[in-house]
Amino acid sequence: SEEEFWDIVENDPFEEYPFLADCPKNEHRLEGYLFPDTYEFYVDDTAYNVVKKIRTRTNEILNADVIERATEVGMTIDEVVTLASIVQLEAGSVDDMKNIASVFINRLNNPEAFPRLQSDATDTYIEDVIKTVLTVEYQDMYDAYDTYTCIGLPVGAICNPGADAINAVLYPNDTNYYYFCSNVATKETYYAETYEQHLVNCETAGITL
């Protein structure tokens, strides 16, 4: 049942998985850690086996090499997954991911000038996901995920990122970009180093700020 599934997700420690070492231990601790893939399960299998199969696949993706690379770039796995989830939803294509990741990482590395990531995808997550399941207004939670409000990364992942998005965060393109925008119709993405360039790009993309 759904209840059995969430009980395993939220309460089983799955201590054999190294990538969960810095994962927050709360009821939402596996958000972003259910690797999106095609899975086959036996009819009437247990919730434990279902979740374990997904965890095992995630462990293959967030392996020792990935953990080592995250350490090299000064990030925890939870930070990698959180940022990759934003990249996943912001990118119009896999080809865009490494440039988009570079924009957010450049901002994270220059917090005095760019304290906020300002990702529209986090606003969409608040409106389309969080607010649809809460029965009361919870401004503190909204603010924790809203990258136009919070400083740096949001409190957690906003989707389950794929391998390409994770790889983009770990190996972003080397750019000086701090802004990007996309044409919704054509999916073409424009990048800028300055706000003035960004305004020109937005006009080209048909976006009104």
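# Getting to know this model

Student: Hi! Which residues touch the most other members of the largest nonpolar core?
Tutor: Welcome! In this predicted model, Leu20, Tyr33, Leu62, Ile77, Val87 and Phe104 touch the most other members of that core, which has 51 residues.

Student: And which elements give two or more residues to this core?
Tutor: They are α1, α2 (47-61), α3 (64-72), α4 (77-90), α5 (94-108), α6 (120-133), α7 (139-145) and α8 (163-170).

Student: Nice list. Which one gives the most?
Tutor: That would be α4, which contributes seven residues to the core. As a bit of background, nonpolar side chains tend to be buried together in soluble globular proteins.

Student: Is leucine 199 buried or partly exposed?
Tutor: Leucine 199 counts as partly exposed, because its relative accessibility is 37%.

Student: What about charge? Which residues gather in a patch of negative charge?
Tutor: Glu2, Glu3, Glu4 and Asp7 do, on the surface. Aspartate 7 belongs to helix α1, which covers residues 2-11. With a relative accessible area of 42%, aspartate 7 is partly exposed.

Student: Switching to salt bridges: how many does a search of the whole structure find?
Tutor: The search finds four salt bridges. One of them joins arginine 57 and aspartate 37, whose closest N and O atoms are 2.7 Å apart.

Student: Where do arginine 57 and aspartate 37 lie?
Tutor: Arginine 57 is in helix α2, while aspartate 37 is in the loop between α1 and α2, so the pair ties together parts that are 20 residues apart in sequence. Both partners are partly exposed: arginine 57 has 26% relative accessibility, and aspartate 37 has 39%.

Student: What does arginine 69 meet in a salt bridge?
Tutor: Its partner is glutamate 72, with an N to O distance of 3.2 Å. Both residues lie in helix α3, three residues apart, which is about one turn of the helix.

Student: Is glutamate 72 buried or exposed?
Tutor: Glutamate 72 is exposed, at a relative accessible area of 53%. Arginine 69, at 21% relative accessibility, counts as partly exposed.

Student: What about glutamate 127, which side chain does it meet in a salt bridge?
Tutor: Glutamate 127 meets lysine 131, at 2.9 Å from N to O. They are separated by about one helical turn because they stand four residues apart in helix α6. Glutamate 127 counts as partly exposed at 44% relative accessibility, and lysine 131 does too, at 32%.

Student: Which residues do salt bridges that share partners join into one network?
Tutor: Asp37, Arg57 and Glu60 are joined that way.

Student: Last one! Where does glutamate 137 lie?
Tutor: You'll find glutamate 137 in the loop between α6 and α7. Glutamate 137 is exposed, having a relative accessible area of 65%.

Student: And what separates the C-alpha atoms of glutamate 137 and isoleucine 67?
Tutor: A distance of 37 Å separates them, and the two residues are 70 residues apart along the chain.

Terms used: Residues numbered from 1 in each chain as written. Predicted model: local features only at pLDDT ≥ 70, side-chain atom pairs only at ≥ 80, totals over all residues. Heavy atoms only, no water. Patch = residues over 30% accessible without salt bridge, like charges linked within 9 Å, V, L, I, M, F, W, Y side chains within 5 Å. Areas by Shrake-Rupley, 256 points an atom, 1.4 Å probe, with all protein chains shown as cover. Lys, Arg positive; Asp, Glu negative; His and termini not counted. Charge placed at Lys NZ, Arg CZ, Asp CG, Glu CD. Buried < 20%, exposed > 50% of the residue type's maximum accessible area, 1.4 Å probe, protein only. Core = buried A, V, L, I, M, F, W, Y, C linked by side-chain atoms within 4.5 Å.
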